[in-house]
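Please look at the sequence and the structure first; the text follows them.

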Amino acid sequence: REFKKGGSDLRARLIEKRTTHERFADRWTIFRADMLRIRSNVTGGNQLLAYIHGSLKQGKPYDELVRELISASGRANSNPAVGYILGDDAQPMELAAATSQIFLGVRIGCAMCHDHPFDDWEQKHFYDLAAFFGKTKTVRSRRQNGSIYTTEGDKNIVLWPPEDKAEPEDRKPVKPKFPFIMGDPKPDAHYLKRFEAARL
């Protein structure tokens, strides 16, 4: 009915009305909690849920929210965005798989163990992405409550080649590298070859 009333600024008025509604943040917190796999029974889960709700109420831009989530460190009580990292216990492989699926819409997790059978992701691509999280580690405080927090370590724990493909002394830290081709719509020969193989 409101839409039928028309007006030159109708779309802007309706968006404003919906986004300022008192239940807007509540509704979208539920959606984001599912998307981010927020669990209240893990360290930082409740704080992360409150952080998402507060970010929505503030109208925080999505790109800013994502940057805060994937780069957070510290304790959940002082930096609730760290709940995203703590949700996967700061494990770089799990974080790479989750981050690519949640924020890029790409399931690269299959390449954690082997080259992807259908997509153009090789196992090395997955390790390149996981290396962005390779220095992140969890630490348990020595204080009485033993709170858990994240920090950046000195060395990257993501090593190449994988354990089952090389001797320990031959494995080296991976340099973080974004594995996705950006801005080039033309498939390369490697992609076409893999696509043909998958079709057969």
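## A loop residue and its patch

F178 lies in the loop between β5 (172-173) and α9 (189-199); helices (H or I, at least four residues) and strands (E, at least two) are DSSP runs numbered from the N terminus. This is a predicted model, in which local features need pLDDT of at least 70, side-chain atom pairs count only at pLDDT 80 or more, and totals for chains, interfaces and linings use all residues. Residues are numbered from 1 along each chain as its sequence is written, and side-chain values use heavy atoms, with hydrogens and water left out.

F178 counts as partly exposed, at 37% relative accessibility. Buried means under 20% relative accessible area, exposed over 50%, and partly exposed in between (1.4 Å probe, protein chains only). Together with L104 and F132, F178 makes a nonpolar surface patch of about 280 Å². Patches are made of residues with over 30% relative accessible area and no salt bridge, where like charges are joined within 9 Å and nonpolar side chains (Val, Leu, Ile, Met, Phe, Trp, Tyr) within 5 Å.

## The chain as a whole

The protein chain has nine helices and five strands. Along the sequence they follow the pattern α-α-α-α-α-β-α-α-α-β-β-β-β-α. Of its 200 residues, 34% count as buried. The chain exposes about 13,500 Å², and carbon and sulfur atoms supply 52% of that area; accessible areas come from the Shrake-Rupley method with a 1.4 Å probe, and for residues only the protein chains shown count as cover.

## Nonpolar cores

A nonpolar core is a set of buried Ala, Val, Leu, Ile, Met, Phe, Trp, Tyr and Cys residues joined through side-chain atoms within 4.5 Å. The largest one has 24 residues, of which L36, I52, L69 and Y84 touch the most other members. Two or more residues of this core come from each of α3 (24-35), α4 (45-58), α5 (62-71), α6 (83-87) and α7 (92-104). Another core, of 14 residues, lies apart from it and has W121, L129, A130 and A131 among its members.

Leaving out residues up to four places away in sequence, I52 touches T29, R32, L36, I38 and L65, a contact being heavy atoms within 4.5 Å.

## Salt bridges

The whole structure holds six salt bridges, each a side-chain nitrogen of Lys or Arg within 4 Å of a carboxyl oxygen of Asp or Glu. The table gives three of them.

| Residues | Closest N to O |
|---|---|
| D88 and R37 | 2.7 Å |
| D63 and R67 | 3.5 Å |

D88 lies in the loop between α6 and α7 and R37 in the loop between α3 and α4, so their bridge ties together parts that are 51 residues apart in sequence. D88 counts as buried at 11% relative accessibility, while R37 is partly exposed at 33%. D63 and R67 both lie in helix α5, four residues apart, about one turn of the helix.

## Cysteines

A disulfide is a pair of cysteine sulfur atoms within 2.5 Å, and a search of the whole structure finds zero of them. C110 counts as partly exposed at 29% relative accessibility, whereas C113 is exposed at 55%.
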